[in-house]
Amino acid sequence: MDGLRGLAVLSVLLYHTNWFERGLFGVDAFFVLSGFLVTLLLVRELHDSGRIALGRFYRRRVKQLLPGLLVTLLLVVALALLTSPLHEVRRLRPEALAALGQAANWAQLHRGGAYWDHYAQIDPLAAMWSLGITAQFYLVWPVLLVGVLLLCRRSVPAAGALTLLLCAGAAAVAPLRWDGGNSDRLYLGTDGRAVAFLAGATAALLVHQWQRRTHRTRRGGGSSTGLTVVLTVLGTAALAGLVWLSVITTSYHQPWLYRDAGLAAVAVLVAVLTVCLCHDRGPLVRVFSFAPLAATGRISYGLFLLHLPVYWVLQQHTDNAGPAVLLGFGGAVSWLAAWFLHGFTDRIRKAEWRIGRAVPLITAAAVAAGAGAWYLPQVFEARTRPGGGPVVLALGDSLAQDLAASVQQYGSRYTVVDGGISGCGLFGPDSVRVASGQELRTSEECRDRETRWREQLAGAAPTAVVIHVGWDATEQNTGGARLSPCAPEYRELYYPRLQAAVDLVRKQAPAAKVLLMNERIWNGAINLRWGSCYNRHVEDFVQASDGAVQLLDLEKLLCPRGACDATDENGSLLNPRGSGTYLAPAGKRLVGPWLTEQLDLALTAPAAEPAATPEPTAAPSPTAPGPSPSPSPSASATRKPGGPSTRPPTTRPSGSRTATATSRPTG
């Protein structure tokens, strides 16, 4: 079992590097093993002592799981306070509180967050959803198992048959509830994943009965060569099936996982492999008994807790922290940290707990983690907003958050306030479709964008407001119709929204300079055609404002000559590998000083009278490029020569500069 856990956690570590979208079923293996081991423990206790002590079971689970979780949460909160930008600090608060309450999966669904939809931006607490589901299973299943055994008059075969029926019912949940667009709900929901735990529980009851029939000895079934051959072949086939399914499955959004009970099939394969590993002979058993693999399995809980925080720190503070670095260096650091954590928590688990001492200590640690997460944004804002300097408010989407962090970290006399909302533009549609074809729902926070902007404008009293809403360059799903920036009606619908945003700034902060930023012509969410069409709309709107709004030409900085630079002049990546959406440390080092220079130019320029709402004009022709807009004075600064450019394969977009193609960005 330790070897199987080791293999499962290694697949999770690989998956979270975003090297390639494989290794998805490591978490499923943990679910099955949890159901198996807990059920086997309980039914053996019933057989040995004649009863199941639920109180003792729950105490063991608390001693086994809670210390490592509290250490991880305290570590992440402390690191976030020391090293993270404000938008990450804000995101971590609800995530940490939900993890503390063992409800991270439901909280993630409530926020509209998916498992791995951050475009290679690593979230240190992203895997807490699975620990929440496991804790919920631990809470419910022992009581349910006692009921099953009582109903079956303590007959293990009858209890196994009833558990098998429960497993079949759980396997039907996903096919019955699948509607074509609720993969997040079924993947993260406890009801959708119960089949894995019940498959493990069924396997445990089968193994227990098997062991009893072989005279209750560990070697009872091992004398038969035929049995060894059968179990080795069956286990190898189950392992091969799991590997094959992992290779062909590129995303947990794939319909067959739910519509065709694919997750249930994976659970059954893991359960079969688990049963086969309970035999004590054969090459398969020797493979999974390999000492380094078994040692990794013994610290798998700590490794699961700590690997994402380690990856997160590496991505935030090192250049070119690609998948190989994350897996090689980050994986090694995670293994060592997990080894120390395991030693620490193992001593706690084996020690005798006295209620008068243990409860206050656990309560104090939990309160410290919860209070730290709750007050983290306030402490961060108080620390990073010194008085005296001009205040710049960044409004818009996730790149607006990165812009605020860039100016704050890399040389500025400005006080920067981060007002960005991840995945949020001005349209506020039901959902958007990104260039990869994936559909992403609009969050509730984005739907309340205008209120959030009002609060930020009133509280910040800014000297300048930087607006970046490049999320509007994705394909908008409004009322069932899809609208891309190159659609003829886009301009007519978008101009009033831009003007309303500018009017809101003018009303709340009349003296503030308004700077509207265009987008890179492609990134992790948009393609070259969408980005070029979108930028023309932004540039035309700025021109029509007669100087009331100034353009920040991000395209000119990052995508000169119709192609976006992948690296800076030192060869460091401007965006995390696998993403053009966020800025890597090198990207922030480039954008921060540039944006500071643009703010200097804007705040020394004479103020212009607010212009009337520009009249929408015809959209750029899909075949004939329109005239190139004149550059705004605020975009006059040019960047130093960068590194190699990445050009996605596409035809020449409408209304864009000439662009060629050599490679495709990953999203």
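**View 1. Contact between helices α7 and α10 in the predicted model.** In this predicted model, the face that α7 turns to its partner is made up of Val156, Pro157, Ala159, Gly160, Thr163, Leu164, Leu166, Cys167, Ala170 and Ala171, and these residues meet Ala194, Val195, Leu198, Ala199, Ala201, Thr202, Leu205, His208, Gln209 and Arg212 in α10. Sorted by class, the residues of this contact comprise 14 nonpolar, five polar and one charged. Helix α7 spans residues 156-171 and helix α10 spans residues 190-213, and the two pack at an angle of about 160° with their axes 9 Å apart. Because an angle over 145 degrees counts as roughly antiparallel, α7 is described as roughly antiparallel to α10. The crossing of these two helices, α7 and α10, is left-handed.

**View 2. Contact between helices α5 and α6.** Helix α5, residues 104-111, packs against helix α6, residues 128-151, at an angle of about 130°, and their axes lie 6 Å apart. This angle makes α5 oblique to α6. On the α5 side the contact involves Ala104, Asn105, Trp106 and Gln108, which meet Met128, Trp129, Gly132, Ile133 and Gln136 in α6. The contact of α5 with α6 contains five nonpolar and four polar residues, and no charged ones.

View 3. Five strands form an open sheet in the order β2-β1-β5-β8-β9, and their pairing is parallel. Strands β2 (415-420) and β9 (549-552) are the edge strands, each of them pairing on one side only. Averaged over the sheet, and with direction ignored, neighbouring strands are turned by 25° against each other. Strand β1, residues 391-396, runs parallel to β2 and is joined to it by six bridges. Within this part of the sheet, leucine 395 stands opposite glycine 419 in β2. Helix α21, residues 449-460, lies across β1, β2 and β5 and runs at about 175° to β1.

**View 4. Strand β5 and its two partners.** Strand β5, at residues 464-468, is joined to β1 by five bridges, the two strands running parallel. Leucine 395, the residue that faces glycine 419 in β2, also stands opposite isoleucine 467 in β5. Five bridges likewise join β5 to strand β8, residues 513-517, and this pair too runs parallel. Since five of the five residues of β5 are buried, the strand is largely enclosed by the rest of the structure.

View 5. Glutamine 316 is part of helix α16, which covers residues 300-317. The relative accessibility of glutamine 316 is 17%, and this residue therefore counts as buried, because the cut-off for that class is under 20%. When residues up to four places away in sequence are not counted, glutamine 316 touches Thr83, Ser84, Pro85, Glu88 and Pro585.

How values were computed. Residues numbered from 1 in each chain as written. Predicted model: local features only at pLDDT ≥ 70, side-chain atom pairs only at ≥ 80, totals over all residues. Heavy atoms only, no water. Axes fitted to C-alpha atoms, helices over the stretch in contact; angles between N-to-C directions. Helix = DSSP H or I, 4+ residues; strand = E, 2+ residues; numbered from the N terminus. Parallel < 35°, antiparallel > 145°, perpendicular 65-115°, else oblique. Contact = heavy atoms within 4.5 Å. Nonpolar A, V, L, I, M, F, W, Y, C, P; charged D, E, K, R; others polar. Pairing = 2+ DSSP bridges. Buried < 20%, exposed > 50% of the residue type's maximum accessible area, 1.4 Å probe, protein only. Left-handed = near helix turned anticlockwise from the far one by under 90°.
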